[in-house]
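Please keep the model open while you read this note. Each point can be checked by eye.

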Amino acid sequence: MGISFTRNGRICLLVLVFVQLTAAQNLPTVFEQSGGTQTATYEETISYYKILEEKFPSISLEEIGDTDSGFPLHVVTYYSGGKLRLKDIQKKDKITLLINNGIHPGEPDGIDASMQLLRDLAEGKLGKEKYKDLIVCVISVYNIGGSLNRNSTSRVNQNGPESYGFRGNARNFDLNRDFIKTDTKNALTFTKIYHLIEPDVFIDNHVSDGADYQYVLTHLFTQHNKLGGTLGSYLNNNLKPWLEEDLSKKKYGITPYVNVFNTTPDKGFSQFFDSPRYSTGYTALFGTLGLMVETHMLKPYKDRVAGTYALMSSLLDFSAEKDVEIRKLRKDAIKSQRTLTYYPVSWKLDTTKYEILNFKGYEGSFVKSEVTGLNRLKYDRNKPFTKPVKHYNEFVPGKSIKIPAAYIIPQGWWPVIERLDLNQIQYTAF
């Protein structure tokens, strides 16, 4: 389109050219447009998924339930076979992944990585045929209240993005401590989503802090002994090494979540024990293969989001390749649970068993804090190391109970009855 006008007696021609850049054709996210320095707000995230839903027949966006913020959760579903409602997912009899983002909105890596992942799936960039029997569901932003409470100071040492959400939700609950309790509306809605989908694989995206080391990515799988039986062995001996090797091919080193406090990782560390108040501990109760992604807060935001994307795409590949195997193992595991006579109610670390990690870290020492005058741990990035480190990843039951023929619940214990209903536990009222 051209517009002509006169200036100083001369005729000028202003040509307005509308150029649709390649990036625009690919529907760039806020993160991509910023060059990897910004994360999308809650409103921008939902708006982006609405665009994907309108543009692609494989993307569905659904509001469900409520949260403490007063807003419903949004679940985005990718299915190559077309639009798919949550209530119809189990009818498809396909392997299903559920990805949870923004449980701690100050750790937004998964929010931005998932927007890119679903767009690329819909555009066929990752290959359509290999995902034809795969359903991917994404909770876009789980902690909406925390996401709306945007700031740039609550994770002051974190290396980007420029601003982000707050850890606590609208009632200041830490939502990753509330899954089995369900004291928040967020957790109530998550439980509804979980049982509608019954996912075979679950991913919860986070960002770690504390120790310093060379890795962008760490993983925190559901503790395999607690998952139990052949399913737990499969997670520890098949899924975990496969994922680590596949990420290595993508030039991403990864290590188990560095579970240390007031000491350095080279002293050895244990697997974090995810009780059912945590997301992966809750999903393990129903035989779901769970994984908590923990990127490293001191690494650049752009690298953390790219790493999260790489890990999720690797797990999609594994799930698509092993779909029949995974689903059979889950069904067998659920059947075997019904034959148990004893059930563990507590666990303890077995310190006699460990694996050796070829760990890539930084030397650390205690120095006097200029602020408090007390000793604090300081890592020296000028002194990287690679050395064998003990990792303890075996737990044994601390206490087991004999499973009774039945439990009797008084009528007045209605909160317990509500949670039984929520988790689809069968009982008889009399």
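This is a predicted model: local features need pLDDT of at least 70, side-chain atom pairs count only at pLDDT 80 or more; totals for chains, interfaces and linings use all residues.

1. Aromatic pairs. A pair of rings is described by two things: the distance of the centres and the angle of the planes. The count here comes to 24 aromatic pairs. Take Tyr 142 and Phe 179. Their ring centres are 6.0 Å apart and their planes are at 15°. Planes under 30 degrees apart count as stacked, so this pair is stacked.

2. Tyr 142 lies in the loop between strand S6 (134-139) and helix H6 (144-148). Phe 179 lies in the loop between H6 and helix H7 (185-197). The two parts are 37 residues apart in sequence, so the pair ties them together. Are these residues buried or exposed? Tyr 142 is buried, with a relative accessible area of 0%. Phe 179 is also buried, at 2%.

3. A tilted pair. Look next at Phe 359 and Phe 385. Their ring centres are 6.5 Å apart, with the planes at 45°, so the pair is tilted. Phe 359 belongs to strand S13 (residues 355-368) and Phe 385 to strand S14 (residues 375-392). This pair therefore ties together parts 26 residues apart in sequence. Both residues are buried.

4. Charges over rings. Phe 385 also has a charge over its ring. The charged end of Lys 387 sits there, 4.4 Å from the ring centre. Elsewhere, Lys 226 lies over the face of Phe 273, at 5.5 Å from the ring centre.

5. The sheet. Strands of a sheet pair through backbone hydrogen bonds, either parallel or antiparallel. Here three strands form an open sheet in the order S10-S14-S13, with mixed pairing. Which strands are at the edges? They are strand S10 (269-270) and S13, and each pairs on one side only. S13 and S14 run antiparallel and are joined by 14 bridges. Lys 368 has Asn 375, in S14, as its bridge partner.

6. Helix H13. This helix spans residues 414-422, and its buried residues include Ile 417, Leu 420 and Leu 422. What do the buried residues of H13 pack against? They pack against H7. After H13 comes Gln 424, which has a positive phi, near 60°.

Terms used. Residues are numbered from 1 along each chain as its sequence is written. Side-chain values use heavy atoms; hydrogens and water are left out. Rings of Phe, Tyr and Trp (its six-membered ring) pair if their centres lie within 6.5 Å; planes under 30 degrees apart count as stacked, over 60 as edge-to-face and the rest as tilted. Helices (H or I, at least four residues) and strands (E, at least two) are DSSP runs, numbered from the N terminus. Buried means under 20% relative accessible area, exposed over 50%, partly exposed in between (1.4 Å probe, protein chains only). A charge sits over a ring if NZ of Lys or CZ of Arg is within 6 Å of the ring centre and within 35 degrees of the ring normal. Two strands pair if DSSP finds at least two bridges between them. Contact means heavy atoms within 4.5 Å.
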